[in-house]
Amino acid sequence: GIESTCDETAAAIVEDGRKVISNVISTSVREQALYGGVVPEIASRRHAEYISATVDKALSDAGMTIRDVDAVAVTFAPGLIGAVLVGVNFAKGLAYAAGKPLVPVHHLRGHIAANYLTHPELKPPFLCLVASGGHSHIVAVEDYTTYKVLGKTRDDAAGEALDKAGRTLGLPYPGGISIDKISPTGDENAFAFPHPRLDTPYDFSFSGLKTAVINIVHRMEQKGETLPVADLAASFQKGVTDCLVEKLEKAATDYGYTSIALAGGVSANSRLRRETDRLCRQKGWQLHLPALKYCGDNGAMVGAQGYYEYVSGVRAQPDLNAYATMPIDRPTF
């Protein structure tokens, strides 16, 4: 499994979609921190520099060569287009040279599949909240390669909102992680952030929350007031996670799902995990949380989903392209 949609260059060897043999991640996050966010051109260049060695190490750690694998899976959408292109083109060359099938994997499908690595007993159907820096979806996982989107963000993703709020509060990059770390020291009820009411019951909107925290910070700075960073961070995190849990609960109730999962980078957020666990215990639902090491972008999740795409007969031709956007339920390649 090969992953390069943002600032992690990752490769892994996965057996039967469930067992991780090796998992290697090379990241440019420290360099990106200098700019307060991911610079696409820098990310693409680092992928080009790292990818060959990353794949070599994944094979070496597994005690294998490319001849020992059955197929090459790669994330082909969605993501930063320059970054995705690096992984796709490398995977195409690798598969062609080794005479192996090439399997295209949708990035969000990969995040969902991270749960299969943590919970070998998990099987569809189940309901999954996918929350990351670029996406916020409620997805009905009907089968390993069959999905139905019940809700998604209308504007900003939850992870983006957390990262931007963290930067506004002067916290280290990545902002979402910094907010999660400092929030336990603050009062999450100190500030009330809006819960947008949309005309569709399962959709999200986080732009209003992001604007609200920016306005609060600007007003306090203009008045010369001391910024209660921990209180603001805790309150903002509460606002975002409450919106996510509220919509997840409604979708699960309305559609009758009792098996629930989280996926994506924001699934590592401690408050989201805690509140989702509380909800599921209260409702008697079964909750599946990916291990923290599989919440962020990684090659193991691509290998896991790649296995199920492979056994279902999905193959890509040598002209496979990369895409910046692509629906999870109707991918084309």
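Tyrosine 144 counts as buried at 19% relative accessibility, because the cut-off for buried is under 20%. The model is predicted. Tyrosine 144 sits in the loop between strand 7 (136–143) and strand 8 (146–152).

- The structure holds ten aromatic pairs.
- Phenylalanine 76 is buried, with a relative accessible area of 1%, whereas phenylalanine 333 is partly exposed at 46%.
- Tyrosine 144 pairs with tyrosine 116, again edge-to-face, at 5.3 Å centre to centre and 70° between the planes.
- The two tyrosines are 28 residues apart and also link distant parts of the chain, tyrosine 116 lying in helix 4 (residues 107–118).
- Tyrosine 116 is buried, with a relative accessible area of 0%; tyrosine 144, at 19%, falls in the buried class as well.

**Aromatic cluster**

- Ring pairs link Tyr116 and Tyr144 with Phe126, Tyr307 and Tyr308 into a cluster.

**Cis peptide bonds**

- The peptide bond from alanine 77 to proline 78 is cis, and its omega is near -20°.
- Proline 78 belongs to the loop between strand 4 (72–77) and helix 3 (81–98).
- A cis peptide bond also runs from tyrosine 173 to proline 174, with omega near -5°.
- Proline 174 is placed in the loop between helix 5 (158–168) and helix 6 (175–182).

**Positive phi**

- Aspartate 16 is not a glycine, yet its phi is positive, at about 55°.
- The loop that holds aspartate 16 lies between strand 2 (8–15) and strand 3 (19–27).
- Aspartate 16 has a relative accessible area of 47% and is therefore partly exposed, since exposed requires over 50% and buried under 20%.

Definitions and conventions: Residues are numbered from 1 along each chain as its sequence is written. This is a predicted model: local features need pLDDT of at least 70, side-chain atom pairs count only at pLDDT 80 or more; totals for chains, interfaces and linings use all residues. Side-chain values use heavy atoms; hydrogens and water are left out. Helices (H or I, at least four residues) and strands (E, at least two) are DSSP runs, numbered from the N terminus. Buried means under 20% relative accessible area, exposed over 50%, partly exposed in between (1.4 Å probe, protein chains only). Rings of Phe, Tyr and Trp (its six-membered ring) pair if their centres lie within 6.5 Å; planes under 30 degrees apart count as stacked, over 60 as edge-to-face and the rest as tilted.
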